[in-house]
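Welcome, and thank you for taking a look at this chain. Please keep the model open beside the text as you read, and we will go through it one part after another.

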Amino acid sequence: MTAGGAEDVSARSAVAQEFTARLKAYEGRPAAVAGAGKDLVNAPMIRHWCEAMGDTNPAYAGPDAIAPPTMLQVWTMGGLSGHSGRTEAFDELLGLLDEAGCTSVVATDCEQEYVRPLRPGDEVTFDAVIESVSDRKRTKLGTGYFVTTRTDVRVAGEPVGTHRFRILKYAPARVKPGAGRPRPVINRDNAGFWEGVARHRLLIQRCAGCATLRFPWLPGCGACGSPEWDTVEAGGEGTVYSYVVMHHPPFPAFDPPYVVGLIALAEGVRIVSNVIGVPYDKVRIGMPVRLEFRRYDEELELPVFRARDGG
């Protein structure tokens, strides 16, 4: 590298460090102030949540019902119209990232802490703070910054829980035309599933302790806690339990619009996959589907579900 090249690299590094420092100056500043839930905690929303999740825990029904703890964020969401309490500081932070080319956003993860259960009739209030902004990160999606907000949820002024939400604001990476589909993340907990796919078998875990079937694959049973398990092979019959039609954002490896479905297998578990063999606008909840394996390139083959008899 020439002396001039080294100076250019050093100058770019200094600019990047200065920009990161500007972003980090927003840490600790409020993201939302005096927010209030648009609805009281209520039984219909609890029922809808439990039906969507397939959660039949008796604690969430009846006269002494509590809300599922994981609904904590639900009671603070602003819907399409949003909340009026969002601060200028948060908008400024997102604006800086947009100006730097980090115009795309993806939610990466969340963390929740629970102090006490919420019950129908509770009126939720909350405040949110910009908890952290990461250094510049390179990811497969592109280069950007992770922004974490922390929302403290209260009822009658008393804390009931905390919700941390993390997004990646990034500049999309340049992708070559015709790029292949992203590869699944294979680890020691799910390697057996992908080995089954390679043999055209859709394998479901079965707890050796209580015989509960589970999907996706997990290291232990959620029903009894046993770490021991074996597998059963799915017969391939199922129905569309729910679905979304993906129009945006476009990805080079996909051809929108296409359907991502939550498929209820005959064995009683659900799997996320594509619904094929029928126009995207003809997919319906309850539609019968049949498993097949589709090859996308020399290395990648995935389970998908074809609408039976053309839907």
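This is a predicted model: local features need pLDDT of at least 70, side-chain atom pairs count only at pLDDT 80 or more; totals for chains, interfaces and linings use all residues.

Now step back to see the chain as a whole. It has 4 helices and 14 strands, and its C-alpha atoms fill a box of roughly 60 × 60 × 40 Å along the principal axes. There are 311 residues, of which 34% count as buried. Among contacts with a separation of 6 or more, 63% are between residues 24 or more positions apart.

Another sheet to find is an open one of 3 strands, in the order β8-β7-β9, with antiparallel pairing. Its edge strands are β8 (213-214) and β9 (229-233), each of which pairs on one side only. Strand β7 (residues 203-207) pairs with β8 over 2 bridges in the antiparallel sense, and R206 has L213 in β8 as its bridge partner.

The loops around this sheet hold some details of the backbone. In the loop between β7 and β8 you will find A211. Its phi is near 70 degrees, a positive value in a residue other than glycine.

P257 has its place in the loop between β10 and β11, and a cis peptide bond with omega of about -5 degrees joins P256 and P257. A34, in strand β1, has a positive phi near 55 degrees, although it is a residue other than glycine. With a relative accessibility of 66%, A34 counts as exposed, because that class takes in values over 50%.

About 1,400 Å³ of space lies in the largest pocket. Of its 35 lining residues, L141, R181, P182, F251 and F254 are the closest to its centre. Elements that give two or more residues to this lining include α4 (191-198), β11 (258-265) and β14 (301-307). Which element gives the most to the lining of the largest pocket? That is β12, with 4 residues. By class, the lining has 27 nonpolar, 5 polar and 3 charged residues.

The second largest pocket has a volume of about 800 Å³. It is lined by 25 residues, and those closest to its centre are Q73, R86, F90, T149 and F165. Here β6 provides the largest share of the lining, 4 residues, while β1 (30-36), α3 (88-99) and β5 (142-155) are among the elements that give two or more. The classes in this lining are 12 nonpolar, 11 polar and 2 charged residues.

Technical notes:
Residues are numbered from 1 along each chain as its sequence is written. Side-chain values use heavy atoms; hydrogens and water are left out. Two strands pair if DSSP finds at least two bridges between them. On a 1 Å grid over the protein atoms alone, a cavity is a set of points where a 1.4 Å probe fits but cannot get out, and a pocket is an open set with protein on both sides within 12 Å along at least five of seven lines; lining residues have an atom within 4 Å of a point. Grid points are joined across faces, edges and corners, and a volume is the space filled by probe spheres set on the points. Ala, Val, Leu, Ile, Met, Phe, Trp, Tyr, Cys and Pro count as nonpolar, Asp, Glu, Lys and Arg as charged, and the others, Gly among them, as polar. Buried means under 20% relative accessible area, exposed over 50%, partly exposed in between (1.4 Å probe, protein chains only). Contact means heavy atoms within 4.5 Å.
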